[in-house]
Amino acid sequence: MKSTTRGTLAAVVTGIAATVASAAPAAAAGTVPVPVPLGGVSTALGMEVPTLAAELPLPKPGAPDGPRYVTGRLLPARTLPQLPVSTGLPGVDARSPLPHVLGDGFDHIGVVAPATDLRALAPGLSADAPLTAPRADNFGLPGTRIPQAGVLAPVLQTATDANLGTGPGL
């Protein structure tokens, strides 16, 4: 192989490896990076403009807990099970120049809020029939009772994190 062919092949393999390496963390975290290109505005206006990048989460539905049968009840404990959903809160990375509002040395401000995991459970329903289980003292016939119904409350669980910083040339 010629040295130019080897160099071209090495450049292509390096580019592919860099692309795969940059896409792997996004796929593992379940987010899609969304860069906002503002470089043209900076060139056209001849001044520094804010930079902005975001991460959008990808929701993933899970498998619901199946109904649980309880002795003494005709219907299962969770008639309509809760559906779990795993997703994330969107992340943002924003940096902007300041016109020396806070004095010398504080000419930029930045906010970094990474995408965080969010786990949720949809509401569910638990109900019981107005009949009891068959009873031996009633010749195998069920008895009557007051019907029962309950709503399983939705659940949200997350922990967020954000950093705000000022300084020269962030």
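These notebook entries record what I looked up in a predicted model of a protein.

**Entry 1: Overall make-up**

I began with the secondary structure, which comes to two helices and 13 strands. The protein has 170 residues, and buried residues make up 14% of them. I then looked up the accessible surface, which is about 11,700 Å². Carbon and sulfur atoms account for 68% of that surface. For contacts with a separation of 6 or more, I noted that 64% join residues 24 or more positions apart.

**Entry 2: An open sheet**

I next followed a sheet of four strands, which is open and has the order E3-E4-E7-E12. Its pairing is antiparallel. Which strands form the edges? They are E3, residues 60–61, and E12, residues 155–158, each of which pairs on one side only. I examined the pairing of E12 with E7, the strand of residues 116–121, and found four bridges between these antiparallel strands. Within E7 and E12, leucine 118 stands opposite threonine 158.

**Entry 3: Valine 85**

I located valine 85 in strand E4, which covers residues 84–89. Is this residue buried, partly exposed or exposed? Its relative accessible area is 27%, so I recorded valine 85 as partly exposed. Setting aside residues up to four places away in sequence, I found that valine 85 touches Lys60, Pro61, Leu118, Arg119 and Ala120. Of these, Lys60 and Pro61 correspond to the residue range of strand E3. I also looked up the C-alpha atoms of valine 85 and arginine 119, which are separated by 6.0 Å although the residues are 34 apart along the chain.

**Entry 4: Glutamine 82**

I turned to the loop between E3 and E4, where glutamine 82 lies. Glutamine 82 counts as buried because its relative accessible area, 12%, is under 20%. What does its side chain approach? A polar atom of this side chain lies 3.3 Å from the backbone oxygen of alanine 122. For the backbone oxygen of alanine 153, I noted 2.9 Å to a polar atom of the glutamine 82 side chain. Beyond its neighbours within four places in sequence, glutamine 82 is in contact with several residues, including Pro64, Asp65, Leu121, Gly124 and Leu152.

**Entry 5: Salt bridges**

How many salt bridges does the structure hold? I found three.

In one of them, aspartate 128 meets arginine 145, with the closest N and O atoms 2.0 Å apart. This pair links distant parts of the chain, 17 residues apart. Aspartate 128 lies in strand E8, residues 124–128, while arginine 145 lies in the loop between E10 and E11. I recorded aspartate 128 as buried, at 5% relative accessibility, and arginine 145 as partly exposed, at 29%.

The side chains of arginine 95 and aspartate 93 also meet in a salt bridge, at 3.4 Å from N to O. Arginine 95 is partly exposed at 29% relative accessibility, and aspartate 93 is partly exposed at 28%.

I then looked up arginine 135 and aspartate 137, whose side chains form a salt bridge at 3.6 Å from N to O. Here arginine 135 is partly exposed at 37%, whereas aspartate 137 is exposed at 65%.

**Entry 6: A nonpolar patch**

Finally, I examined a nonpolar patch on the surface, formed by Val36, Leu52, Val92, Val111 and Leu164. Together these residues have about 370 Å² of accessible area. I placed leucine 164 in strand E13, residues 163–167. Its relative accessible area is 63%, and leucine 164 is therefore exposed.

Technical notes
Residues numbered from 1 in each chain as written. Predicted model: local features only at pLDDT ≥ 70, side-chain atom pairs only at ≥ 80, totals over all residues. Heavy atoms only, no water. Buried < 20%, exposed > 50% of the residue type's maximum accessible area, 1.4 Å probe, protein only. Contact = heavy atoms within 4.5 Å. Areas by Shrake-Rupley, 256 points an atom, 1.4 Å probe, with all protein chains shown as cover. Pairing = 2+ DSSP bridges. Patch = residues over 30% accessible without salt bridge, like charges linked within 9 Å, V, L, I, M, F, W, Y side chains within 5 Å. Salt bridge = Lys/Arg side-chain N within 4 Å of Asp/Glu carboxyl O. Polar contact = N/O pair within 3.5 Å; in protein donor to acceptor, adjacent residues only side chain to side chain.
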